[in-house]
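The sequence and the structure come first, and the text follows.

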Amino acid sequence: MALHQSGEDYLEAILMLQKEKGVVRSVDVARHMDVSKPSVCHAVATLRDGGFLTMDEDYFLHLTDAGREVAEQIYEKHRFFTKMLTNAGVDPIAAERDACRIEHVISESSFQRLKKTLTEKK
């Protein structure tokens, strides 16, 4: 199943919340992303059907191996581009917003080459 930008955003949010809180429920995702609970429920159902996450009997969300892999890749890109933009003098709020856009459109191979090139210069 191919993921759209919104699916990647949900996986990234779940990963970030798990790192921060340890456990995540749909309501946590809704608050974090500032979206409605029904939107989260729809996304969770889609991601669950795609094999990217599971929900236990207490309604806690858990990333599957596939979901964690996608979330980690997106989160790495997000952190990288946010850092690059803020280091270049971009306002932190704009850098976060722009990094979120860039992380979805850059190919993995381009990202890896860019990351390698920029880290070799240090």
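## Fold, pocket and cysteines

Of the contacts in the chain with a separation of 6 or more, 56% are between residues 24 or more positions apart. The model is predicted. The chain has 6 helices and 2 strands, and from the N terminus on these elements run α-α-α-β-β-α-α-α.

The radius of gyration of the chain is 15 Å, which agrees with the value near 14 Å that a compact globule of 122 residues would have. Taken along the principal axes, the C-alpha atoms fill a box of roughly 50 × 30 × 25 Å. Buried residues make up 35% of the 122 residues.

The largest pocket has a volume of about 200 Å³. Asp9, Glu12, Ala13, Met16, His32, Met33, His78, Glu96, Arg97 and Cys100 line this pocket. By class, the lining has 4 nonpolar, 2 polar and 4 charged residues. Three helices, H1 (5-21), H2 (26-33) and H5 (92-105), each supply at least two residues of the lining. The most comes from H1, which gives 4 residues.

Helix H2 (26-33) is one of the helices that contribute to the pocket lining. Which residues of H2 are buried? They are Ser26, Asp28, Val29 and Ala30. After H2 comes Asp34, whose phi is positive, near 55 degrees.

How many disulfides does the structure hold? The count is 0.

| Cysteine | Relative accessible area | Class |
|---|---|---|
| Cys41 | 37% | partly exposed |
| Cys100 | 23% | partly exposed |

Residues count as buried under 20% relative accessible area and as exposed over 50%. Cys41 is therefore partly exposed, because its value of 37% lies in between. Cys100 is also partly exposed, because 23% lies in between those limits.

Definitions and conventions: Residues are numbered from 1 along each chain as its sequence is written. This is a predicted model: local features need pLDDT of at least 70, side-chain atom pairs count only at pLDDT 80 or more; totals for chains, interfaces and linings use all residues. Side-chain values use heavy atoms; hydrogens and water are left out. A disulfide is a pair of cysteine sulfur atoms within 2.5 Å. Buried means under 20% relative accessible area, exposed over 50%, partly exposed in between (1.4 Å probe, protein chains only). On a 1 Å grid over the protein atoms alone, a cavity is a set of points where a 1.4 Å probe fits but cannot get out, and a pocket is an open set with protein on both sides within 12 Å along at least five of seven lines; lining residues have an atom within 4 Å of a point. Grid points are joined across faces, edges and corners, and a volume is the space filled by probe spheres set on the points. Ala, Val, Leu, Ile, Met, Phe, Trp, Tyr, Cys and Pro count as nonpolar, Asp, Glu, Lys and Arg as charged, and the others, Gly among them, as polar. The radius of gyration is taken over C-alpha atoms; the globule rule is 2.2 Å times the number of residues to the power 0.38. Contact means heavy atoms within 4.5 Å.
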